[in-house]
Amino acid sequence: MEGVLVTGMARAGLEGECVRCLEPISDELEGKFQELFVYADHAISEEDDEVSTLENDLVDLEPLLRDAVVLALPFQPLCQDDCPGLCPECGARLADDPDHGHEAAIDPRWAKLTALENHPEQPE
């Protein structure tokens, strides 16, 4: 008696990038929604933003659909659940080369000692 209850499901295409390896992602997601659209003469107050109202017996579904789809979006989209990401040193995609590795980094404070190791001076 107060209005029209709208219940439904929205489907939308998702395109973006994996947050770990930056590979393109495309998927489809679903969001469910339910909202009561109150008749204008039953509206509590004009200032209440939380109440959806019918306007000339028409329902504006855009904000409702947008909210349903946005809430269904993944917080951190991944190309696969176990995506290893990128190498922090060179940026290589670790899924393409699982045996990827680098030599241990030398502390810059000790870097000069490696020169002595490679070219030892001969005592005279």
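This is a predicted model: local features need pLDDT of at least 70, side-chain atom pairs count only at pLDDT 80 or more; totals for chains, interfaces and linings use all residues.
User: Fine. Where does Arg-11 sit, then?
Analyst: Arg-11 sits in strand β1.

User: Is Arg-11 buried or exposed?
Analyst: Exposed. Its relative accessible area is 55%, and the cut-off for exposed is over 50%.

User: What does Arg-11 touch, leaving aside its neighbours within four places in sequence?
Analyst: Glu-28, Leu-29 and Glu-30. Take Leu-29: the C-alpha atoms of Arg-11 and Leu-29 are 5.7 Å apart, although 18 residues separate the two in sequence.

User: Which of its contacts is a salt bridge partner?
Analyst: Glu-28 is one. Its side chain meets that of Arg-11 in a salt bridge, at 4.0 Å from N to O.

User: Why does that pair matter for how the chain is tied together?
Analyst: Arg-11 is in β1 (residues 3–17) and Glu-28 is in β2 (residues 24–38), so the bridge ties together parts that are 17 residues apart in sequence. Like Arg-11, Glu-28 is exposed.

User: How many salt bridges does the structure hold?
Analyst: It holds 6.

User: Which residue pairs with Arg-66?
Analyst: Glu-62. The closest N and O atoms of Arg-66 and Glu-62 are 3.5 Å apart.

User: How are those two placed in the helix?
Analyst: Both are in helix α1 (residues 62–72). They are 4 residues apart, so about one helical turn separates them. Arg-66 is partly exposed, at 44% relative accessible area. Glu-62 is exposed, at 53%.

User: And what does Arg-93 bridge to?
Analyst: Arg-93 bridges to Asp-96, with the closest N and O atoms 2.8 Å apart. Asp-96 counts as exposed, at 59% relative accessibility.

User: Which residues are joined by salt bridges that share partners?
Analyst: Arg-11, Glu-28 and Glu-30 form one such network.

User: Step back a bit. What's the overall layout?
Analyst: From the N terminus, the elements run β-β-β-α-α. That comes to 2 helices and 3 strands. The protein has 124 residues, and 16% of them are buried.

User: Pick Phe-33. What is Phe-33 in contact with?
Analyst: Leaving aside neighbours within four places in sequence, Phe-33 contacts Val-6, Thr-7, Gly-8, Met-9, Ala-10, Leu-64, Leu-65 and Ala-68.

User: Pockets next. How much space lies in the largest pocket?
Analyst: About 230 Å³.

User: What lines the largest pocket?
Analyst: 12 residues line it. Phe-37, Ser-52, Asp-60, Pro-63 and Leu-64 lie nearest its centre. The elements giving two or more lining residues are β2, β3 (52–53) and α1. α1 has the largest share, 3 residues.

User: How does that lining split by class?
Analyst: 5 nonpolar, 2 polar and 5 charged residues.

User: Switching to loops. Where is Leu-78 found?
Analyst: Leu-78 is in the loop between α1 and α2 (111–118). It is partly exposed, with a relative accessible area of 27%.

User: What does Leu-78 touch, not counting residues up to four places away in sequence?
Analyst: Cys-18, Val-19, Arg-20 and Ile-25. Leu-78 and Cys-18 are 60 residues apart in sequence, yet their C-alpha atoms are 4.5 Å apart in space.

User: Last one. What is the phi of Leu-22?
Analyst: It is near 65°, a positive value in a residue other than glycine. Leu-22 is in the loop between β1 and β2.

Note on methods:
Residues are numbered from 1 along each chain as its sequence is written. Side-chain values use heavy atoms; hydrogens and water are left out. Buried means under 20% relative accessible area, exposed over 50%, partly exposed in between (1.4 Å probe, protein chains only). Contact means heavy atoms within 4.5 Å. On a 1 Å grid over the protein atoms alone, a cavity is a set of points where a 1.4 Å probe fits but cannot get out, and a pocket is an open set with protein on both sides within 12 Å along at least five of seven lines; lining residues have an atom within 4 Å of a point. Grid points are joined across faces, edges and corners, and a volume is the space filled by probe spheres set on the points. Ala, Val, Leu, Ile, Met, Phe, Trp, Tyr, Cys and Pro count as nonpolar, Asp, Glu, Lys and Arg as charged, and the others, Gly among them, as polar.
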